[in-house]
Amino acid sequence: MNATLKHIDRRLAIDPAAARALSAGRVGDPFSVLGPHPTDGGVIVRAYVPGAVSVEAIDSNASVLAELTAVSPSGLFAAIIGADVAYRWRIRWPGGIVQETEDPYSFGLLLGDVDIYLIAEGRHFELGRVFGAQAMSINGVSGVRFAVWAPNAQRVSVVGDFNGWDGRRHAMRKRLEAGVWELFIPRLRPGTVYKYEILGPHGLLPLKADPVALQAEAPPGTASVVSDPAAFEWHDHDWLERRSKTAQYAHKPMSIYEVHAASWRRTGAEARSLHWDELSEQLIPYVVEHGFTHIEFLPLMSHPFGGSWGYQPLGQFAPQATLGSPAALARFIDRCHQANIGVILDWVPAHFPTDTHGMAHFDGTPLYEHADPREGFHQDWNTLIFNLGRREVHSFLIASALHWLERFHVDGLRVDAVASMLYRDYSRRQGEWVPNKYGGRENLESIDFLRDLNDVVERRCPGALTIAEESTAWPGVTRSTQTGGLGFPYKWNMGWMHDTLHYMQQDPVYRSYDHNSLTFGLIYAFSERFVLPLSHDEVVHGKRSLIGRMPGDRWQRFANLRAYFGFMWAHPGKKLLFMGGELAQEREWNHDTQLDWQALDDPLHSGMQKLIGDLNRAYSSEAALHALDCDSTGFHWIIGDDSANSVYTFYRTGFDGTPPVIAICNFTPVPHPKYCIGAPRKGRWRELLNTDAQIYGGSNMGNGGHVTAIERRSHGQPFSIQLVVPPLATLLLRFDESG
């Protein structure tokens, strides 16, 4: 024994092996050594504080109960105090620094039996209030409760500036029943930066961020942050009440403005992204002014690499810090709801990045991911695939979804890359994938997860949406789980998007040969509940912008895009447009720069923006254009086979008594001054919208505001209209009951 330690009370002595384990950071059960332990004549209290000059146990009045004795040269101190005496530490550090704090190892079990049971069962869907860093008070002592799942670790410690990032200082207790580690550290406050130091089965790992952190550092920082637990004061009760009665928007207008929050608009000489309060002041009025009903954000979950646009998140419970605090995000959503705007977040349960500070080999084993790279590594994105067959991972992700829907009052989640989840051979060659237990390619675990997700969301979040980005013909994506479907309220109609953009890119001379590209989508338009997406994916990676795809001279390019937007807004299905599309932005989207707002100085660009606003207002105000978006009874062809002229004519209806709306779409630059179409009703039809109007940048060819249907059968309809069809334009005619 060290000469300076010879004369200590024998009751304070500790097994040298235990002392060495403390010094080496290899104590798996620190509570067996540290904290209070009954003994003859009182209670032995021990503290491990390497580098401390001295330690005293003091009472609530700051009176000294005992001066602790150094019982190990590495920083272990001990003393005997009276039984049932409340104590705390007074630690003196070099330089005269004095610290007073309660003993973390004097607190009992932290997580309740129900929490532990549900975690072990993989059915705990409120991990955001259980795991991570929860600022709270225990027995009147304020601090932070930490809890993390790491079943295969030998030791887990909380580290940060508060302990010099020394993993020996705050080792955690393991709850063996669930593989969860927990510790309450007194006197820590919101804003504290922390990570976990983990001793895995094969040695010490790189410091890990908290998978259930409620807040994170802004990149390039990689640490987690203790979030402020103060309850946000919401003002959206009326909105949520109305939302719960919408039947998931099936009969309501839904026009979504898709936004990358960091690049919508930038400010200052450094061109920094707007923060949430600035976005509240600028983005919300913009969305309202242009008639959108929802904002959909590319993922806002914490992600280390901005170039992933958020689609490689590591913080499934923490908002991206570059845009502001969690409270600021809540404030933004609250203001959206007060402005009658819904908020949808892109959410990524399919995969996560391999960054060493993240979830990869979190406890030294493949914990969140599959062990076999044929199941666990995504070759296209160089990411790891969640092991959804593991119940704890299954519940971790459902808890993440509920965290955004319930804590942040988000109105919907667009679930990214669903196709990659459904198929075990997705983007893999023969021999590079593992069949399911029946020998098939379907990913049964992912299917079970998606069904469970949608059932839980429907049960707990009335009126909230989940929207699948699913690019294959998987049957029943939007059918209920009770009838064998996946249970999504909506899915993106990727086929419609590909077919129609392919058609629009062609020179009008050749469109007659590809007429079915625009009609084919109506064959399956009502097989699912669809959102028509012109998303961020269509304006990057050399695909060109929307206006950049349009053929012809400058006027024709803008006319083509206006006609296409008119067709899209008249077509069955909810609408989604990525930011910049409404400006007819010429260049592809770049996440490092803002939109080309200066383009609005040009009348053709500003005309496109005005058109989108007017289309949204027509879509929302005319029930015929939205009430039966997902029902075949609301769509009726008038002329679907005029390939020679590349003209398409159909009409939309709503519920009984709703005035119908006729759409006439001309996709050639040839006007038709006396074009005849059938009509379902006799009398006056008002020109609701004409994409060739001068205010949009068009040639202003039209019908003087209205046309009349006469009693003459045509195209299977009891009445007919002769009208002027402008070049490269879409007309919307509304039956005028007063006329």
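This is a predicted model: local features need pLDDT of at least 70, side-chain atom pairs count only at pLDDT 80 or more; totals for chains, interfaces and linings use all residues.
Which residues lie nearest the centre of the largest cavity?

Glu375, Ile385, Ser420, Tyr423 and Asn443 lie nearest the centre, out of 25 residues that line the largest cavity. That cavity holds about 290 Å³ of space. Searching the whole structure turns up 4 cavities of 30 Å³ or more. As for who builds the lining, helix H6 (373-376), strand E25 (377-378), helix H8 (418-422) and helix H9 (444-460) each contribute at least two residues.

Now, on to the barrel. Eight strands close up in the order E17-E20-E23-E27-E28-E29-E30-E31, and their pairing is parallel. On average, neighbouring strands of this sheet are turned by 25 degrees against each other, if you ignore direction. Helix H15, residues 554-570, packs on the sheet and touches strands E17 (255-259), E30 (530-534) and E31 (574-578). The direction of H15 makes about 145 degrees with that of E31.

Let me zoom in on one pair. Strand E23, residues 342-347, runs parallel to strand E27, residues 412-415, with 4 bridges between them. Aspartate 346 sits opposite arginine 414 of E27. And for anyone wondering what holds such pairs together in general, strands of a sheet pair through backbone hydrogen bonds, parallel or antiparallel.

Arg414 turns up again at my next stop, glutamate 469, as one of its contacts. You will find glutamate 469 in the loop between strand E28 (465-468) and strand E29 (490-492). Is glutamate 469 buried or exposed? Its relative accessibility is 13%, so glutamate 469 counts as buried, the cut-off being under 20%. The side chain of glutamate 469 reaches the backbone nitrogen of alanine 417 at 2.8 Å. Beyond its neighbours within four places in sequence, glutamate 469 also has contacts that include Val415, Asp416, Trp492, Met494 and Asp537.

What does phenylalanine 578 touch, not counting residues up to four places away in sequence? The list is Glu258, Val259, His260, Leu298, Leu534, Ser535, His536, Val539 and Trp589. For a sense of scale, phenylalanine 578 and arginine 734 are 156 residues apart in sequence, and their C-alpha atoms are 28 Å apart in space.

How values were computed:
Residues are numbered from 1 along each chain as its sequence is written. Side-chain values use heavy atoms; hydrogens and water are left out. Two strands pair if DSSP finds at least two bridges between them. Axes are lines fitted to C-alpha atoms, for helices over the stretch in contact, and angles run from 0 to 180 degrees between N-to-C directions. Contact means heavy atoms within 4.5 Å. Buried means under 20% relative accessible area, exposed over 50%, partly exposed in between (1.4 Å probe, protein chains only). A polar contact is a pair of N or O atoms within 3.5 Å; within protein, one must be able to donate a hydrogen and the other to accept it, and residues adjacent in sequence count only if both atoms are side-chain atoms. On a 1 Å grid over the protein atoms alone, a cavity is a set of points where a 1.4 Å probe fits but cannot get out, and a pocket is an open set with protein on both sides within 12 Å along at least five of seven lines; lining residues have an atom within 4 Å of a point. Grid points are joined across faces, edges and corners, and a volume is the space filled by probe spheres set on the points.
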